[in-house]
Amino acid sequence: MSAYRDEDPRIQGIKTKIRVVPNFPKPGIMFQDITTLLLDPKAFKDTIDLFVERYKGKNISVVAGIEARGFIFGPPIALAIGAKFVPLRKPRKLPGEVISEEYILEYGRDCLEMHVGAVEPGERALVVDDLIATGGTLCAAMNLLERVGAEVIECACLIELPELQGRGRLNGKPLYVLVEYQ
Amino acid sequence: MAGKDGQDPRIQKISSAIRVIPDFPKPGIMFQDITTLLLDTKAFRDTIDLFVERYKDKNISVVAGIEARGFIFGPPIALAIGAKFVPMRKPNKLPGEVISEEYSLEYGTDKMEMHVGAVEAGERALIIDDLIATGGTLCAAIRLLERVGVHVVECACVIELPELKGRDRLGDKPLFVLVDGA
């Protein structure tokens, strides 16, 4: 489900603040740049408010954010709903004991890590990232949380690229986005 | 000036929420891990509040956060004081036109990038990172902002490692920290 379809009046303002940069990081990719949104305090606040309104009062105790742009949106949401923030990181960034989840890229593999002990069994969690493309990274994030017994309530992104069908890759977990890029 | 000697009652809890991991990323380094702070919802909120109380009403229009842990603390501060958030990133992460600043590491050099047009001459800025060690990274961030005519009002970190004398390396730029990682 997306707020885009609900036509909240704040959505249009958010959508116009996202800058599309052609041929980055390689030819043929239309890169969705959210940094221009962050330069508009009202649009950035509206973005956070839309997520907070959806998730406060739902007993969510964990907001997991995917490195690095999930670190920008996750913490303000976590703070507003009274949840802890758990960073999900590229390999070897987190000190101490971690669990790892490997996932497939277009060419090759990558790995996402989470601290052992950050999340307890039975906790209700959100996963936050700026964008869902193929869904591979979000899937790895959900797997990490579920492996330690947390319940992933929903994945939340600003932007969805529907042609890449990431929504269907989330093992039946719901996805909430603010805007779609066709 | 650090919140030492129990100046603010919130500081003690913040300090004790930070986990020290010996020998990471290599032998001899006592790594200051702020992820445990992020798991303590009150301590995380207090951390942000201490910065916000200091910087609101100071006409600061830019909060620059250094990748990646500066992305966790910077945006909540920016949102609360009504400033824009500007990510300062490792090379080749920001799409579109950037300016770069090279800086020295213990062995070799690294580069920091900022978007062209993110900030305007005359704006007043804060720079945020989780920790100041030698001050090399913060210095690079200061130079990037000053090159485009921005006035850096202060650098703000959760933790300082005073033995590494990063504070001196910032020259005339003030530094505000919450705790010593001594």
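This is a predicted model: local features need pLDDT of at least 70, side-chain atom pairs count only at pLDDT 80 or more; totals for chains, interfaces and linings use all residues.
The interface involves 34 residues of chain A in contact with 34 residues of chain B. Together, the two chains bury about 2,700 Å², and carbon and sulfur atoms account for 73% of this area. Of the area that chain A buries against chain B, 22% is supplied by Leu39(A), Leu79(A) and Pro95(A), more than by any other three residues.

On the side of chain A that touches chain B, two or more residues come from each of strand S1 (19–22), strand S2 (30–33), helix H3 (35–38), helix H4 (41–55), helix H5 (70–81) and strand S4 (84–88). H5(A) gives the most, with five residues. By residue class, this side of chain A divides into 21 nonpolar, four polar and nine charged residues.

Within chain A, Leu112(A) was examined individually. This residue lies in strand S6 (residues 109–115). Leu112(A) is classed as buried because its relative accessible area is 2%, below the 20% cut-off. Residues up to four places away in sequence aside, Leu112(A) touches Ile66(A), Leu88(A), Arg89(A), Ile99(A), Ser100(A), Glu101(A), Tyr103(A), Thr137(A), Ala140(A), Ala141(A) and Leu144(A). The C-alpha atom of Leu112(A) is separated by 10 Å from that of Asn143(A), which is 31 residues apart from Leu112(A) along the chain.

Note on methods: Residues are numbered from 1 along each chain as its sequence is written. Chains are lettered from A and ligands numbered from 1 in the order in which they are written. Side-chain values use heavy atoms; hydrogens and water are left out. Contact means heavy atoms within 4.5 Å. Buried area is the accessible area (1.4 Å probe) that two parts lose on being put together, summed over both. Helices (H or I, at least four residues) and strands (E, at least two) are DSSP runs, numbered from the N terminus. Ala, Val, Leu, Ile, Met, Phe, Trp, Tyr, Cys and Pro count as nonpolar, Asp, Glu, Lys and Arg as charged, and the others, Gly among them, as polar. Buried means under 20% relative accessible area, exposed over 50%, partly exposed in between (1.4 Å probe, protein chains only).
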